[in-house]
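Okay, thanks for coming, everyone. Let me put the structure up and then walk you through what I found.

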Amino acid sequence: MDDLTKSIGGVIMAKIKGTVTFQEDICKGCGLCVSVCPTKIIFLNTDKINAKGYHPATVEEMDKCIGCANCATMCPDVVITVEREKI
Ligand code: SF4
Ligand code: SF4
């Protein structure tokens with residue numbers, strides 16, 4: 001069993017992998033999603049300016065996403081979609 005697979009009460013729980021997508025052009029760069037990601041993989045991309053004139057949020061190490069959806073729940077502008085997959 002690797003460290004991402006959990007055993008709770010003897011029941012082996014499946015690992016969840018998440019994939020997040022951002023509608024970058026409607027992001028207002030508020031950073032709320034950055035602050036709630038438990039794996040700290042979201043950042044504001046200072047190399048890019050979107051249609052609204054902000055640095056949009058993005059993810060760099062998608063393989064670390066656990067699909068918790070904190071980011072999507074927190075985003076006030078519904079920029080983020082989270083897909084969850086059992087692995
Ligand atoms: S789903 Fe969770 S782990 Fe993945 S980017 Fe959003 S807050 Fe981070
Ligand atoms: S919470 Fe939404 S609007 Fe704010 S930076 Fe994240 S994706 Fe952009």
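Predicted model: local features only at pLDDT ≥ 70, side-chain atom pairs only at ≥ 80, totals over all residues.

I'll start from the core. V20 is in contact with V59, C65, C71, I80, T81 and V82, if you skip residues up to four places away in sequence. V20 is also one of the residues that touch the most other members of the largest nonpolar core, along with F22, C33, I42, C71 and I80. That core has 13 residues, and strand 3 and strand 5, which is 57-59, are the elements giving it two or more.

Now, ligand 1. Which residues come nearest to ligand 1? Those are C37, C65, C68, N70 and C71, out of 17 around it. By class, that shell has 13 nonpolar and four polar residues, and no charged ones.

On to ligand 2. Here there are 14 residues around the ligand, and C27, C30, C33, C75 and V79 come nearest. The shell splits into 10 nonpolar, two polar and two charged residues.

Let me stay with C27 for a moment. Is C27 buried or exposed? Buried, because 23 other C-beta atoms lie within 10 Å, and the cut-off for buried is 20 or more. Leaving out neighbours within four places in sequence, C27 contacts F22, N50, Y54, P56, A57, D77 and V79. And C27 and C75 sit 48 residues apart along the chain, with 9.0 Å between their C-alpha atoms.

Okay, over to you.

Conventions: Residues numbered from 1 in each chain as written. Chains lettered and ligands numbered in written order. Near = placed C-beta within 6 Å. Nonpolar A, V, L, I, M, F, W, Y, C, P; charged D, E, K, R; others polar. Core = buried A, V, L, I, M, F, W, Y, C linked by C-beta atoms within 7 Å. Buried ≥ 20, exposed ≤ 12 C-beta atoms within 10 Å, placed from the backbone. Helix = DSSP H or I, 4+ residues; strand = E, 2+ residues; numbered from the N terminus. Contact = placed C-beta atoms within 7 Å.
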